[in-house]
Amino acid sequence: MPNAADANARETLVTAKDLPLHCPLPSQKLWNAHPRVFLDVTATGEARCPYCGTLYKLAGGAAPGHH
C-alpha cells in the first residue's frame with residue numbers, strides 16, 4: 001500500500017538546460033521549499049528527491065557514455 005509521501009510525489013520532465021539539476025527548482029514556492037539537494041539524472045535518466053519524493057526524468061534519457 002502506498003504511503004502519503006508517494007501520493008504527493010510528482011514527476012517532472014527536465015532537459016539539459018536544467019543541469020546541474022537541483023531540487024527544489026527555482027520555480028517552486030518558498031513556503032514549500034526544503035534544503036537544496038543536487039540530483040544526478042545523467043547516469044540513469046532519472047532521479048528522485050530524497051526530501052519531497054519528486055521524480056525527475058531527463059528528456060531523452062541517460063546521456064550515452066556519461067560516467
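Two strands pair if DSSP finds at least two bridges between them, and the strands themselves are DSSP runs (E, at least two residues), numbered from the N terminus. This is a predicted model, in which local features need pLDDT of at least 70 and side-chain atom pairs count only at pLDDT 80 or more, while totals for chains, interfaces and linings use all residues. Residues are numbered from 1 along each chain as its sequence is written, and side-chain values use heavy atoms, with hydrogens and water left out.

**First stop: the sheet**

Begin by selecting residues 11-14, which are strand 1; this strand pairs with strand 5 in the parallel sense, over four bridges. Within that pairing, V14 stands opposite L58 of strand 5.

Next select residues 46-48, which form strand 4 and run antiparallel to strand 5, joined to it by three bridges. Strand 4 and strand 5 form a hairpin with six residues between them, and in the turn you will find G53, with a positive phi of about 85 degrees.

Showing these strands together gives an open sheet of three strands in the order 1-5-4, with mixed pairing. Strand 1 and strand 4 are its edge strands, each pairing on one side only. Neighbouring strands of this sheet are turned by 20 degrees against each other on average, direction ignored, where the axes are lines fitted to C-alpha atoms.

**Second stop: the core**

Now select V14, L21, C23, V37, L39, V41, A47, C49, Y56 and L58, the ten residues of the largest nonpolar core. Such a core is a set of buried Ala, Val, Leu, Ile, Met, Phe, Trp, Tyr and Cys residues joined through side-chain atoms within 4.5 Å, and buried means under 20% relative accessible area (1.4 Å probe, protein chains only). Strand 2 (21-23), strand 3 (37-39) and strand 5 (55-58) each supply at least two residues of this core.

Centre the view on V41, which, leaving aside its neighbours within four places in sequence, is in contact (heavy atoms within 4.5 Å) with V14, L19, L21, E46, A47, Y56 and L58.

Conventions:
Buried < 20%, exposed > 50% of the residue type's maximum accessible area, 1.4 Å probe, protein only. Axes fitted to C-alpha atoms, helices over the stretch in contact; angles between N-to-C directions.
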